[in-house]
Each structure stands twice: as C-alpha cells, then as structure tokens.
Amino acid sequence: MATETPLPCTEKIGSFYTIGEAADILEVSIPTIRMYEREGLIIPHRKNSRHRRFLAADIERIRCMRSMINKEKVSIAGIRHMLSLIPCWKVKNCPSDARAKCPAFTSTEKPCWMLSGKSWECRSADCRLCPVYTDIANCASLKQTIASLIASSEPLPISLSVALNQNLSTL
C-alpha cells in the first residue's frame with residue numbers, strides 16, 4: 001500500500017491546489033475527487049471559470065473519507081449518512097420554529113449542505129464557511145464535533161440520537 005503523499009512544504013496558509021494537484025497529492029484520479037463532490041462529501045472552492053480549487057483542509061477531508069472507505073469499509077452512502085447526523089441547527093443556534101420547517105432537522109440521507117428546501121438564511125449562506133462543514137476537516141475533528149454535540153444539553157430527535165450512537169463506532 002502506498003504511503004500518503006505529504007502536502008508540499010512550501011504551502012502557504014490559504015493556498016489553493018488545482019484538482020490535478022489534489023489528485024496527485026492524494027494519489028487518486030481526478031474523477032474520484034469529482035465523485036466525492038457529487039456525493040456531497042466535499043465542497044471545493046470554485047473560481048469564476050468554475051475550476052475547482054482545494055485547500056489543505058479539503059485534502060485532509062478527502063484523506064479522512066478515503067480512510068473510512070478503504071480501512072474502515074464504510075460506504076460513501078454511510079459517510080453521507082454520518083455527515084447528515086451532524087445537528088446543524090445546534091451549531092447555528094436555529095430557533096425552534098425554524099427547525100420544524102428545516103429538512104436538515106428530520107433528514108438523515110444527506111448532509112445539510114446538500115439538502116433543498118432550506119430556509120432563506122441557509123440557502124444564501126456559503127456552506128464552505130459554515131462551522132457545520134469547516135469543523136469536520138478530518139476524522140478526529142468529525143468525531144469530536146459529533147461527540148460534543150451529543151453531550152450538549154439540548155436533546156436530539158430520537159431518530160438522530162439512535163443513528164449517531166450506531167455510527168460513532170465506525171469513525
């Protein structure tokens with residue numbers, strides 16, 4: 001098995017990589033990275049020309065997902081399901097009336113950034129900058145984020161609580 005290619009030492013904070021550079025660093029094909037985007041696992045930056053650009057955090061997120069897929073044998077659908085269990089309404093402190101109308105409150109199929117029918121505030125926000133997305137840059141932070149949100153005082157809907165407890169062991 002090949003060792004992970006480290007990020008170049010010359011990387012500056014906030015520097016971007018093209019999809020080809022990201023694929024080379026990760027030792028995957030460009031179509032694999034595009035598939036992860038289609039499946040909702042990553043949200044790359046886009047230039048005005050629509051070209052994808054990746055930060056070091058995006059590359060770490062992909063490494064985490066690949067580790068779950070290859071080492072832990074979690075399917076892409078399973079990862080998408082785990083990401084959907086992050087209670088975004090808690091992270092963003094949404095009022096209870098907004099939660100009742102929000103598809104992220106009841107859905108466990110897709111992460112909140114992939115859902116349609118969201119409130120105007122969520123539709124107009126940049127999901128790449130949302131803590132729901134940024135706080136899960138790698139496997140350790142994903143696990144910590146889920147654990148801290150479970151431990152908070154406000155109870156989760158029962159279906160989400162059961163699903164989270166079943167899926168935390170796979171991280």
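This is a predicted model: local features need pLDDT of at least 70, side-chain atom pairs count only at pLDDT 80 or more; totals for chains, interfaces and linings use all residues.
Residues are numbered from 1 along each chain as its sequence is written, and side-chain values use heavy atoms, with hydrogens and water left out.

Trainee: How many salt bridges does the structure hold?

Mentor: Side chains of opposite charge can pair when their charged atoms come close. A salt bridge is counted when a side-chain nitrogen of Lys or Arg lies within 4 Å of a carboxyl oxygen of Asp or Glu. By that rule, the number of salt bridges in the structure is five.

Trainee: Which residue forms a salt bridge with Arg80?

Mentor: Arg80 is buried at 17% relative accessibility, where buried means under 20% relative accessible area, exposed over 50%, and partly exposed in between (1.4 Å probe, protein chains only). The closest N and O atoms of the pair are 2.3 Å apart, and the partner, which is partly exposed with a relative accessible area of 25%, is Glu39.

Trainee: Are Arg128 and Asp58 buried or exposed?

Mentor: Arg128 and Asp58 form a salt bridge in which the closest N and O atoms are 3.1 Å apart. As for their accessibility, both residues are buried.

Trainee: Which residues are linked with Arg46 in a network of salt bridges?

Mentor: Arg46 is partly exposed, its relative accessible area being 32%, and its side chain meets that of Glu37 in a salt bridge of 2.7 Å, N to O. The residues linked with Arg46 in the network are Glu37 and Arg52.
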